[in-house]
Amino acid sequence: MNQEEKVEITLEKVTAAIEAILFAAGHPIEYAKLSEVLGLSVKDVKNMVEVMSEEYNSENSKRGLLLLMYPESCQLATKEEFLPYIREALGIKRGGNLSASTLEALAVVAYNQPVTRAFVDAVRGVDSSYAMTSLIDKGLIESLSRLDAPGRPMLYTTTEKFLRVFGLSSLDDLPETELTPAPAEEALAVEEVGFSSALAVAESSENEEANNQ
């Protein structure tokens, strides 16, 4: 739509415009983009979305949607309780769930990020190549930097898609766990040892299983 074709939106209709944009998109829209389209500051847009989210996400809300807020974007999403109806209506088959090993690797990354694959290997005690590759392919983790250590291994963090998939607004919403993240010096020690240490742990575990058979 050209600028000339836009219908002038009054302040009272801004929230309706935001709702329409998010509904039509079906994916997260950055506050900066909403700001550009609506001619408002990013701060004002965020404030409006926050007010909208309180209405959408209220326990008393009769809507079948949630308004999820992320650090740089927001999105409309369906409530989990209506998933069976959505699947049946749209003919969506079950599947695509993460395996236990992949979930385990994801948890290590989520609670300790940024981490290298060697760190994940060492924490789990097995080689995590397949699990990490699967998580990258699914867009749940990514690597945007390298550790300043010998070999400069890639550092992995969770993505915005990870937050969306698990219904989180930020990493602060992660469930509390009895497991305490490794201290920085301990994590660095694992990185310095590298993949060989992690693989040694995995081989030792495999040897023990073989001896017990």
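**View 1. Strands β1 and β3 are joined by 2 bridges and run antiparallel.** In this predicted model, local features need pLDDT of at least 70 and side-chain atom pairs count only at pLDDT 80 or more, while totals for chains, interfaces and linings use all residues. Residues are numbered from 1 along each chain as its sequence is written, and side-chain values use heavy atoms, with hydrogens and water left out. Strands here are DSSP runs of E with at least two residues, and helices are DSSP runs of H or I with at least four, numbered from the N terminus; two strands pair if DSSP finds at least two bridges between them. Ile 29 stands opposite Cys 74 in β3.

**View 2. The open sheet has 3 strands in the order β1-β3-β2, with antiparallel pairing.** Its edge strands, each pairing on one side only, are β1 (29–30) and β2 (65–69). Strand β3 (residues 73–78) is joined to β2 by 5 bridges, and these two strands run antiparallel, with a hairpin of 3 residues leading from β2 to β3. Across this pairing, Leu 65 stands opposite Thr 78, and Leu 67 stands opposite Leu 76. Of the 6 residues of β3, 5 are buried, so this strand is largely enclosed by the rest of the structure; buried means under 20% relative accessible area, exposed means over 50%, and partly exposed lies in between, using a 1.4 Å probe and protein chains only.

**View 3. Helix α3 (residues 42–56) lies across β2 and β3.** The helix runs at about 145 degrees to β2, where axes are lines fitted to C-alpha atoms, for helices over the stretch in contact, and angles run from 0 to 180 degrees between N-to-C directions. Ser 53 has its place in α3, and this residue is buried because its relative accessible area is 8%. Leaving aside neighbours within four places in sequence, Ser 53 is in contact (heavy atoms within 4.5 Å) with Ser 58, Leu 67 and Met 69.

**View 4. The largest nonpolar core has 21 residues.** Such a core is a set of buried Ala, Val, Leu, Ile, Met, Phe, Trp, Tyr and Cys residues joined through side-chain atoms within 4.5 Å. Among the residues with the most contacts inside this core are Leu 106, Val 109, Val 120 and Phe 162. Two or more residues each come from α5 (100–112), α6 (117–124), α7 (129–137) and α8 (160–165), and α5 gives the most, with 5 residues. Apart from this core lies another, of 17 residues, among them Leu 34, Val 45, Met 48 and Cys 74.

**View 5. A search of the whole structure finds 1 aromatic pair.** The ring centres of Phe 162 and Phe 166 lie 5.0 Å apart and their planes are at 45 degrees, so the pair is tilted. Rings of Phe, Tyr and Trp (its six-membered ring) pair if their centres lie within 6.5 Å, and planes under 30 degrees apart count as stacked, over 60 as edge-to-face and the rest as tilted. Phe 162 counts as buried because its relative accessibility is 3%, whereas Phe 166 counts as partly exposed at 36%.
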